[in-house]
Amino acid sequence: MQSALPFSESFPYVQPNHKPTVIITGASSGVGLYATKALVDRGWFVVMACRDLAKARAAAAALDIPSGSIALELIDLGAQTSVREFAARFKAGGLPLHALVCNAAVYLPLLKQPSRSPEGYEISVATNHFGHFLLSHLLLPSLTPLNGQAPRLITLGTVTANSEEFGGKVPIPAPADLGDLQGLEAGFREPVAMIDGKAFKAGKAYKDSKLCNMIMNREFHRRHHASTGVVFNTLYPGCVAETALFRYAPKLFQKFFPWFQKNITKGYVSQPLAGERVGQVVADPQFAQSGVHWSWGNRQREGATPFAQALSPKANDTARASRLWDLSAAMVALETA
């Protein structure tokens, strides 16, 4: 694992011009990288939280993102020790935090057997869900208003985990379904690899993890918005078919999927536009309502109007959300309210 500089060496405690600060996980490529650019262009200072710092540095330079507007910090969301170390370094740096964007994700659809985190959990759920759940808890007390605007905690969702939309009904390999959380109830360690306790399906594990993301962001809203003022929202910026998220998908899929989205479904969205949409949800006044899943109808259309997309009954089941919260907290060794 790469060593990371403590924040006191990575960048000054006090930023020039007192720029607002946002942390974006998974900012070395895809939506996270272009969201970094969108927010830097808006005058924000971005902490790019990534596993590969050299890759992130090169990617930022390739987009001409000014080095003085970013800091690169190491985090592996699949390893809870790394998440805790990142949060501790950020807090020690003395910067205010105005927004957190939970964007990073792993998608490993070709796995026949589950890969596991250092804690022994299936890696998609460990990274995409547990890692962000832990990070959100650790940094929630650090979120502070910006010139009267409430701080925001934004999580990337996906259409494939929302059965209210067509993409969430596609049975390849199966729709997202957490069951009665049997896998988590059983401890979620070997031989258990799925939240519903059933046989391992790599693609479904990813969908399940993203459904957890959307459920937990909504649960954060229910538990903490009134007391903290933090705006908790999710968004789906559209089908970003050429992002590095798909680098472990079959090669034929990587070639066919963008063409299919551009020409058949018309759902293709470019990485720059997706990043711009994330930037809007983080920074723009029109997205100040909390407890919303923002969507643009999965379309590239310039000037498309964002709207509040309904989530599925699976995502709105408050009893299941409460139990998922408690089980997730146990998996990351947190005592939560």
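## Salt bridges in a predicted model

Glutamate 73 has a relative accessibility of 0% and therefore counts as buried. This residue belongs to a predicted model, in which 9 salt bridges are found. The points below take up several of these contacts, together with the accessibility of the residues that form them.

**Glutamate 73 and arginine 89**
- Glutamate 73 is joined to arginine 89 by a salt bridge, in which the closest N and O atoms are 2.7 Å apart.
- This pair links distant parts of the chain, since glutamate 73 sits in strand S3 (residues 70–74) while arginine 89 belongs to helix H4 (residues 80–93), the two being 16 residues apart.
- Arginine 89 has a relative accessibility of 17%, which falls under the 20% limit, and so this residue counts as buried.

**Glutamate 185 and arginine 323**
- A salt bridge also forms between the side chains of glutamate 185 and arginine 323, with a distance of 2.9 Å from N to O.
- Because glutamate 185 is part of helix H6 (residues 182–185) and arginine 323 is part of helix H11 (residues 318–331), the pair ties together parts that lie 138 residues apart in sequence.
- Glutamate 185 is partly exposed at 42% relative accessibility, and arginine 323, with a relative accessible area of 36%, is partly exposed as well.

**Lysine 204 and aspartate 196**
- The side chains of lysine 204 and aspartate 196 meet in a salt bridge at 3.1 Å, taken from N to O.
- Both lysine 204 and aspartate 196 are buried.

**A network of salt bridges**
- Arg42, Glu276 and Asp284 are connected to one another in a network of salt bridges.

Technical notes
Residues are numbered from 1 along each chain as its sequence is written. This is a predicted model: local features need pLDDT of at least 70, side-chain atom pairs count only at pLDDT 80 or more; totals for chains, interfaces and linings use all residues. Side-chain values use heavy atoms; hydrogens and water are left out. A salt bridge is a side-chain nitrogen of Lys or Arg within 4 Å of a carboxyl oxygen of Asp or Glu. Helices (H or I, at least four residues) and strands (E, at least two) are DSSP runs, numbered from the N terminus. Buried means under 20% relative accessible area, exposed over 50%, partly exposed in between (1.4 Å probe, protein chains only).
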